[in-house]
Amino acid sequence: MTRLSAASGEAFASPRRCAREFAAAAGAPPHLRRRAVVQAAWRMACASWAGGVVLASSGCASVAGRFERDPFALGVASGAPTPDGFVLWTRLAPDPRRGDGGLAPEPIGVRWEVAEDDRFARVVRSGSAIAHPALAHAVHVEVRGLVPERWYHYRFMAGRGAGQAVSPVGRARTAPGADAMPARLRFAFASCQQYEQGFYGAYRHMAEEDLDLVVFLGDYIYESSWGRDRVRAHWTGEPKSLDDYRIRHAQYRSDADLQRMHASAPWLLAWDDHEVDNDYANDRAQDLDPAFLARRAAAYRAYFEHMPLRPAACPDGASMRMYDRHRFGRLAEFMVLDDRQHRSHQACPRPGRGGSNVVDVAGCPELRDPARSMLGAGQERWLDRCFAESRGRWNLIAQQTLFARADGRPGPGETAWTDGWDGYPAARQRLIDAMRSRRPSNPVVLGGDVHSNWVCDVKADFSDPRSAVVATEFCGTSITSQGRPQELLDRVRGENPHVRLAESTHRGYGVVTLTPERCALSFRVVESVKVPEPRIATRARFVVEAGRPGAVAG
């Protein structure tokens with residue numbers, strides 16, 4: 001365990017004393033039980049980076065000393081851009097293979113700088129933050145006061161003098177002003193990066209794409225080991241505890257190509273199931289674990305600790321606010337959804353199990369229950385308001401999985417995979433009806449999860465091929481995770497005339513270029529995920545013209 005060497009007579013306060021100072025700063029009573037002290041420290045650690053708390057004792061946030069190993073081994077990241085700033089992230093972890101990162105349980109002061117140039121000759125914002133052990137020594141800084149629609153460089157520093165450690169330099173871009181109409185917004189969307197199944201060569205190429213933004217749609221980590229021809233291994237078994245999840249996140253974050261992409265542009269983030277447990281739904285695990293909410297709380301906390309998220313996302317036990325809205329002037333609005341935490345349990349599961357199933361629609365009447373929801377009633381109301389209030393020329397609904405109907409049974413009858421939107425048809429129809437009634441301009445649904453590339457027309461009524469096209473869907477393949485056999489997708493495409501493309505053989509990401517007049521998509525695919533430096537190609541291109549829902553190949 002690395003411990004900073006004290007200098008100039010400074011000494012570290014005990015973790016319990018620091019926790020009590022956090023609690024006192026929050027106005028908590030002085031006589032707290034140990035659990036309450038720890039919880040107060042956790043909540044105040046979250047609050048401190050949002051601008052709330054400065055501790056009275058310098059011993060609770062020492063900047064003195066020297067690290068025995070690089071504390072910035074997990075790199076840097078930015079996210080949630082606004083017209084005047086963004087969130088910056090790093091985590092001090094000189095030994096990522098340990099749940100505590102190899103650091104003693106003591107708060108550490110970290111300095112940060114934002115500059116107009118990568119040499120930091122023109123620093124425009126700077127400050128200090130606390131890397132607190134309650135947050136695994138993660139640092140989140142919400143930077144404000146910057147110029148809209150501009151690139152900046154940033155870095156972190158810890159220690160002092162000859163022992164000072166300096167992070168890699170990251171790059172982030174502010175969003176356009178609220179009333180601006182930018183000429184272009186170029187972003188990538190990606191999902192599903194099972195570490196063992198392949199190298200992250202896709203990110204090596206993504207970093208060269210001249211992007212303003214990355215939208216990640218879930219399965220950032222995988223809790224389980226599965227698949228064929230694995231090229232590397234998880235450090236530990238399946239995570240259940242907070243330390244387990246911290247180690248899993250740290251292993252994924254240790255990848256150089258993923259670090260490079262995080263340092264290249266700000267990210268918007270959604271999660272899916274594997275950040276916690278395969279196919280979990282709300283409070284139900286696939287294996288019906290009665291202690292699942294404790295596991296979910298550990299997973300949510302580790303997720304927050306490793307992502308450049310806004311203060312509102314700081315979890316409270318097993319609850320965490322992930323759905324959010326991001327505006328890019330009058331050109332685009334992103335509604336980032338959470339289809340895991342608030343959903344109804346999957347319909348018609350296998351006996352003695354939770355999670356997904358493939359069912360005959362006629363034989364599972366529970367599927368059609370109008371009370372069932374993918375997003376939960378509160379998020380549905382929030383999304384309806386977003387549609388009503390949007391001023392964006394393009395409205396991007398960033399969510400986890402394939403949205404359009406994907407019946408896989410030839411001829412009469414219909415099957416449904418119950419973990420996807422086909423398992424929640426009434427909820428899907430409510431979302432479609434909300435788009436039709438609120439009329440947000442040029443809606444485009446983004447998805448991932450299914451490890452394949454899809455382009456679909458979102459129909460007013462999927463059972464009627466003649467019904468109106470309401471929106472366009474682009475669902476992207478995985479970064480590494482293995483796909484289903486192509487013949488299964490061919491069968492789905494043959495049964496569903498609204499499906500324009502369904503392709504499962506390649507891994508990669510999507511790139512979207514938005515202008516006021518059009519939305520242009522390129523599916524970028526690597527030749528193999530089994531080699532670290534694969535070649536890349538464009539698998540398909542589609543265009544949506546403003547005012548004309550539905551994609552056209554070209």
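Is H153 buried or exposed, and which residues is H153 in contact with?

A: H153 is buried, because its relative accessible area is 17% and buried means under 20%. This is a predicted model, so the value describes the prediction. H153 sits in strand β6. Leaving aside neighbours within four places in sequence, H153 is in contact with E113, V114, A115, E116, D117, D118 and F120, and also with V169, G170 and R171.

Strand β6 covers residues 151-158, and the loop between β5 (138-143) and β6 holds R144. R144 forms a salt bridge with D84, with the closest N and O atoms 3.8 Å apart. D84 is in the loop between β1 (76-82) and β2 (85-91), so the pair links distant parts of the chain, 60 residues apart. R144 has 33% relative accessibility and therefore counts as partly exposed. D84 is also partly exposed, because its relative accessibility is 28%.

A second salt bridge joins the side chains of R173 and D212, at 3.5 Å from N to O. R173 is in strand β8 (residues 170-173), while D212 is in the loop between α3 (201-206) and β10 (213-216). These two residues are 39 apart, and the pair again links distant parts of the chain. R173 is buried, with a relative accessible area of 18%. D212 is buried as well, with a relative accessible area of 10%.

F328 gives another view of the interior. F328 lies in strand β12, which spans residues 324-328, and counts as buried at 4% relative accessibility. The C-alpha atoms of F328 and R393 are separated by 9.9 Å, although the two residues are 65 apart along the chain.

V445 can be described in the same terms. The place of V445 is strand β17 (residues 443-447), and at 2% relative accessibility V445 counts as buried. Beyond residues up to four places away in sequence, V445 touches I397, Q399, F403, V458, T472, E473 and F474. V445 and A404 are 41 residues apart along the chain, and their C-alpha atoms are separated by 9.5 Å.

The side chains of D422 and R428 meet in one, at 2.8 Å from N to O, and both residues are buried. D272, D273, D339, R340, R343 and D419 are linked in a network of salt bridges. A search of the whole structure finds 39 salt bridges.

The remaining values concern the whole chain. The chain has 9 helices and 24 strands. Of its 554 residues, 60% are buried, and H153 is one of the buried residues. Among contacts between residues at least 6 apart in sequence, 72% join residues at least 24 apart. The chain exposes about 20700 Å², and carbon and sulfur atoms supply 48% of that area.

Terms used. Residues are numbered from 1 along each chain as its sequence is written. This is a predicted model: local features need pLDDT of at least 70, side-chain atom pairs count only at pLDDT 80 or more; totals for chains, interfaces and linings use all residues. Side-chain values use heavy atoms; hydrogens and water are left out. A salt bridge is a side-chain nitrogen of Lys or Arg within 4 Å of a carboxyl oxygen of Asp or Glu. Helices (H or I, at least four residues) and strands (E, at least two) are DSSP runs, numbered from the N terminus. Buried means under 20% relative accessible area, exposed over 50%, partly exposed in between (1.4 Å probe, protein chains only). Contact means heavy atoms within 4.5 Å. Accessible areas come from the Shrake-Rupley method with a 1.4 Å probe; for residues, only the protein chains shown count as cover.
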